Amino acid sequence: MTALLTRPVSRPLSRLAPRTLRGRLSLVALAAAAFLMVILTVVFNAVVRQHLQRQADDELRTRAAAVATTVDTGRAGVRVRETSNDELLDTNVWIYAGTRLLERPPSASPTSPVTRAATRLAARGGQHCTTLDERPGRPVRMCAQAMGGAATVVTALNLSPYRSSADTLLLASLTLDAVVLTCAYALTRLAVGRALRPVRTMTDQATQWSAVASTERFGAAGQPTELARLGVSLDALLDRIRAVLRHEQQLTRELSHELRTPLSRIVAELDWWQARPRSAADTRTTHAAISDAAQSMRTICDTLLDDARDSASTAPGTADVLPVLRLLTERLEIPGHVKVIVDGTHPGLEAGVPPALLERIVSPLLDNALRYARSHVTVVARRQPAGVRIDVTDDGPGVPPSFAGKLFQPGRRAEPGDGHGGAGLGLPLARRLARSAAGEVTYDELRAHGARFVVTLPAG
């Protein structure tokens, strides 16, 4: 029930709150300034009213002291002497002998509220003051001063001028508060707007740079601490976006690279089948080849997409190495002058990776070897203490020593104009997939003739 009652109240308040950071900071500054100005105004006006009251009391005591000089408290009793300024002294003055009233102002009757208040002050004795609201809007301040215990002088003063001065000061202070708060709000909005302008500029730049995958960054040099931290965060975000775009482009290139071979096989089978009329057996053979190539494409897509989803781990599985290698060589387009030899020194050799992943690791190495081999390509699989080792060797020209360190960089080729196809993506893909399975792909730089690539994988 409480939640139902408070929810309609909180929603209008949240709607009234500014939506921009500039507006919220300005509102907070205005609220803080208003709170401080209210406290200062209350304290200032309280001090002013107290000061005016003390001034009134001092004037009353001064008048009482002047009247006391006309009062004789000798042995004959209390007697008021006549003076030249007697009319001025008698204004708002009451003189008592004990509690007996000797003189009073002509304007005050014996039963008036002012006279009764003066009588009560005289009865208390000593020096006391009180404020009496004789009529609405006409306060009167009264003070009593005893004279040797025999007589008491009570003086009165109209506080209206003092109250008017205090009210005028209050109105002036409230007006000043309003002006100060308006100026403070305007200056705060201006200052906050200028302070947030670099943030807005950085945000626009980050949006633009992320859209075009720019290499520009904000950096932290020469920036305030807050903007430096924001720049570092935005730089990290831009780096992540750039990495995501780079991985997406890499995945697209790798898919295109890997799908090119089965697509070429499908096109070749269709061209062969359409070249002249074929028998039913030829048609079935063509359909089987196309189906096998399509299945290979599906396997390639599944393997690369699974690796792209989580490149830090590989789905568990085992592969019988020699059958996978033989099946892989059957699917490749082997030039007529090249012979492929698959040899296994340990029958029943198993690798701790799925068969599809093993194909995708070895396939770029075989494709690269067939592209450069002169007469033969040898694939040897054997067991070693750390797991399984597969060597792919060709008798081609080999890799130039100056390019050996760049072999596994995406898009790099030793001689782009050598007449051999390729985009420089197969070897990096093979290494990345092998590493995702806790394996490795390396190049044997010690081989004198041809090229040898070594694949090491965990045992099954």
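Cys129 is partly exposed, with a relative accessible area of 25%, whereas Cys143 is buried at 3%; here buried means under 20% relative accessible area, exposed over 50%, and partly exposed in between, with a 1.4 Å probe and protein chains only. The model is predicted, so local features need pLDDT of at least 70 and side-chain atom pairs count only at pLDDT 80 or more, while totals for chains, interfaces and linings use all residues. Residues are numbered from 1 along each chain as its sequence is written, and side-chain values use heavy atoms, with hydrogens and water left out.

Cys129 and Cys143 are joined by a disulfide, with an S to S distance of 2.0 Å. A disulfide is taken as a pair of cysteine sulfur atoms within 2.5 Å, and by this rule the count comes to one. The torsion about the S-S bond of Cys129 and Cys143 is about 110°, so the disulfide is right-handed. The pair links distant parts of the chain, 14 residues apart: Cys129 lies in strand E5 (residues 128–135) and Cys143 in strand E6 (residues 138–147). Another cysteine, Cys183, is partly exposed at 42% relative accessibility.

Turning to the helices, the chain holds 10 of them, along with 14 strands. Both are DSSP runs numbered from the N terminus, helices being H or I with at least four residues and strands E with at least two. Helix H8 (residues 321–331) packs against helix H9 (residues 355–372) at an angle of about 50°, and their axes are 10 Å apart. Axes are lines fitted to C-alpha atoms, for helices over the stretch in contact, and angles run from 0 to 180 degrees between N-to-C directions. That angle makes H8 oblique to H9, the term for whatever is not under 35 degrees (roughly parallel), over 145 (roughly antiparallel) or 65 to 115 (roughly perpendicular). On the H8 side, the contact (heavy atoms within 4.5 Å) is made by residues including Val321, Val324, Leu325 and Leu328. On the H9 side, Leu358, Val362 and Leu366 are among them. By class, this contact of H8 with H9 has nine nonpolar, two polar and two charged residues. Nonpolar covers Ala, Val, Leu, Ile, Met, Phe, Trp, Tyr, Cys and Pro, charged covers Asp, Glu, Lys and Arg, and the others, Gly among them, are polar.

Helix H10 (residues 426–436) is mostly covered, with nine of its 11 residues buried. Among them are Leu427, Leu429, Arg431 and Leu433. Just after H10, Ala438 takes a positive phi of about 65°. Across the chain of 460 residues, 35% are buried.
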